[in-house]
Amino acid sequence: MSIESTLTETGPAVSLRLEAYAEMYRIRVFEQRAARYAMSNMTTGPIHLATGQEAVSVGFAACRQEQDSMLCTYRGHGHAISWGAPLAGLMKEMLGRSGGVCGGKGGSLHLTSAEHGFLGSYAIIGAQLPIANGVALSHRLRGTGGVAVCFFGDGGTNIGAFHEALNLAAVWSLPVVFVCENNLYMEYTTTTEVTAVKNPAFDRAAANGVPAELIDGNDLVAVEQAAGRAFDRARAGDGPTLIEALTYRHTGHAHGDPAKYRPADEVEAWLARDPLPAYRALLTAGGVGEADIASAERAVDDEVSAACDETEADAMADPAVILRDLWADGSSGWRH
Amino acid sequence: MATLTYRNAAAAGLRQEMLRDESVILLGEDVAKAGGVFKTSRGLYDEFGAQRVFDTPIAEQAILGAALGAAMTGMRPVAEIMFADFLAVCWDYVVNEIPKARYMTAGQFGAPLVIRAANGAGIGFGPQHSQAVETWAMTVPGLKIVSPSTPADMKGLMAAAIRDDDPVLVLESKALLATKGEVPDGELVIPLGQAAVRRTGQDLTIAALGSTVPTAQAAAAELAAQDIDATVIDLRSVVPLDAGTVLASVAETGRLVVVEEAPAQLGWGASVASLVGEEAFGSLRAPVRRVCTANVPVPGSRRLEERYLPEVHHVVDAAVATVSYVHRSFVDSKG
């Protein structure tokens, strides 16, 4: 359930599902493999793990409909996977391979799979919030019934675009859901050290006329319930919702960051609240057999390994593509 | 033919495309009920209503972000940034988001949108409301940059910009807003990247853009009185750049003067001069000259602003110097 809310609705019933656990596990294993590639200097540029934040991704994706759209941050592997982007295409993109979802032009920071409604991970902090408004406006004008979901970090709440976007979404009553994944740290500094309010997104939503909830982002059930309420509001034409999900990244800002700026007891406390074992325990308590869970985990292990094998077998992006796709006609010329 | 002001031609171009394509929407500060602070969207809200024409808060990032998101997903937004100077407030969208959307997704989606903005000096708005920003935008691959110089071009280029599948920045010269001109009746679309030769002469080529086109034309008239016959090329857009028309003209005249509303330290004219130097060197009979603004912010006082801008006599002087130029080594060898 939500910790705090400016909404009055109660949550829809959420059933425990093995596939939801498997999806969190898929993200976890994918990121472990990605981290290994990064530490071996096989990725192009930095990668930013969301390990520990999987419940937020999976909880929102569970409530989506096919026509919905999603935008997120560069810490977006989990969102990309839960929204249906192919594992191999994502990994190839991070390793600069020709079969990457963006042909190697985006890299880890700019994963995109439009055919799955995944309209990009954005690496300029906060930039995606105003863009999500446009996607939501487009859904409304085209009558698709779609909702735009926009993930951002706690660090994004101090940038002007956050405030500009919330206000406009409320004024235009847009079908958009803003989701702050508050993992406590911007890069190396805590958000609370440089922010005047306790809850950086939740506390400011009201100032922009956006109903908000503050939830436990490591509790998949709570996430799904809050997401369901927000999607329902958006689809009913009742406008935007902001959800601040408290969570924690188990690793540093980017690969190679040992995150020594974090107190050991804080890390320990959050590791004890890891969403995967927590949900696994719920499944077991709910009667799902250990063998079934282990079998699902093995299937995911195999799936990720296959994606990695496919990635390693793929060629590096061909320099011949560099001049393609600047313009709609496929070219990149500026003069004639 | 109808006689329209430049500002009314902007609205006419928008109206033509909004009638044709219902995915075209207009958003910006004061663009709906007020018809735009420069009256360049007058009548559109009344005709097309609140689902096509949107007043926004003073929040330029929200405006361009919304335009991009809508463009990525099937709409054709026209986003107005009131003064081109304000593009600095939403520069992330101008340089990081909009022009890269197609490229960094390998064409998964594009950004078929128009950013329109009142551009340049000439009506005394001072240092932060008078800059001509073609060169700012030109530093980033992925934006088309259009600067109409006549009412007919305003209508036809606006239409082409809206139909274009790539992001286009349409810079509307504040100095030209009240100017009038003949605009053909019926549908008018002028393809992007086709320069207009406004005058043909054999002695030198003058390349101009937007607000500097009338300056170049007035200079050409004065030069004619001195028996110097100039070609005046209105580039219309700097991306795509119709280099072919410039190079062909320089091949005939052997001389080029570029007249640009931009400081000398970096201007679109420097790119034009550079490619003429590289590709038409054998035709050149004199160094390419650039007539630029003063290399300072745009001053407020009317007389200071006039001095800031390239004036007709500056262009005449540059043209005369170019035409009378004699290569020193050539003189020496004649001994």
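The dialogue below concerns a predicted model and takes up a helix, salt bridges, an interface and some backbone angles.

Student: Why is α5(A) described as largely enclosed?
Tutor: A residue is buried when its relative accessible area is under 20%. In α5(A), 12 of the 15 residues are buried, so the helix is largely enclosed by the rest of the structure. Among them are Gln128(A), Pro130(A), Asn133(A) and His139(A). Just after the helix, Gly143(A) takes a positive phi of about 65 degrees.

Student: Why is Val288(A) called partly exposed?
Tutor: The partly exposed class lies between the buried limit of 20% and the exposed limit of 50%. Val288(A) has a relative accessibility of 24%, so it counts as partly exposed. This residue sits in the loop between α10 (275-285) and α11 (290-313) of chain A. Leaving aside residues up to four places away in sequence, Val288(A) touches Leu283(A) and Ile293(A).

Student: How do you know that Glu224(A) and Arg17(A) form a salt bridge?
Tutor: The criterion asks for a side-chain nitrogen of Lys or Arg within 4 Å of a carboxyl oxygen of Asp or Glu. For Glu224(A) and Arg17(A) the N to O distance is 3.1 Å, so the pair qualifies. Glu224(A) belongs to helix α8 (residues 220-235) of chain A and Arg17(A) to the loop between β1 (4-5) and α1 (18-39), so the pair ties together parts that are 207 residues apart in sequence. Glu224(A) is buried at 7% relative accessibility, whereas Arg17(A) is partly exposed at 21%.

Student: What makes Arg102(B) and Asp166(B) a salt bridge, and are the partners buried or exposed?
Tutor: Their closest N and O atoms are 3.7 Å apart, and the cut-off is 4 Å. Arg102(B) is buried, with a relative accessible area of 14%. Asp166(B) is also buried, with 3%.

Student: Which residues form a network with Arg163(B) and Glu187(B), and how are these two classed?
Tutor: Arg163(B) and Glu187(B) form a salt bridge in which the closest N and O atoms are 3.1 Å apart. The pair links distant parts of the chain, with Arg163(B) in helix α7 of chain B and Glu187(B) in the loop between β8 (180-183) and β9 (196-199), 24 residues apart. Arg163(B) is partly exposed at 24%, and Glu187(B) is exposed at 57%.

Student: What makes up the interface between chain B and chain A?
Tutor: Chain B contributes 52 residues to the contact and chain A 37. The buried area is about 3,600 Å², with 65% of it from carbon and sulfur atoms. The interface count includes 1 salt bridge and 19 residue pairs in polar contact. On the side of chain B that touches chain A, the largest share, 9 residues, comes from α3(B). The residues of that side divide into 27 nonpolar, 15 polar and 10 charged.

Student: How do you know that Arg335(A) and Glu279(B) form a salt bridge?
Tutor: Their closest N and O atoms are 2.4 Å apart, and the limit is 4 Å.

Student: What makes the backbone at Pro240(B), Ala259(A) and Arg236(B) worth noting?
Tutor: Most residues other than glycine have a negative phi, and most peptide bonds are trans. The bond from Val239(B) to Pro240(B) is cis, with omega near -5 degrees. Ala259(A), although not a glycine, has a positive phi of about 60 degrees, and Arg236(B) has a positive phi near 65 degrees. Ala259(A) is buried at 7%, and Arg236(B) is buried at 12%.

Note on methods. Residues are numbered from 1 along each chain as its sequence is written. Chains are lettered from A and ligands numbered from 1 in the order in which they are written. This is a predicted model: local features need pLDDT of at least 70, side-chain atom pairs count only at pLDDT 80 or more; totals for chains, interfaces and linings use all residues. Side-chain values use heavy atoms; hydrogens and water are left out. Buried means under 20% relative accessible area, exposed over 50%, partly exposed in between (1.4 Å probe, protein chains only). Helices (H or I, at least four residues) and strands (E, at least two) are DSSP runs, numbered from the N terminus. Contact means heavy atoms within 4.5 Å. Buried area is the accessible area (1.4 Å probe) that two parts lose on being put together, summed over both. A polar contact is a pair of N or O atoms within 3.5 Å; within protein, one must be able to donate a hydrogen and the other to accept it, and residues adjacent in sequence count only if both atoms are side-chain atoms. Ala, Val, Leu, Ile, Met, Phe, Trp, Tyr, Cys and Pro count as nonpolar, Asp, Glu, Lys and Arg as charged, and the others, Gly among them, as polar.
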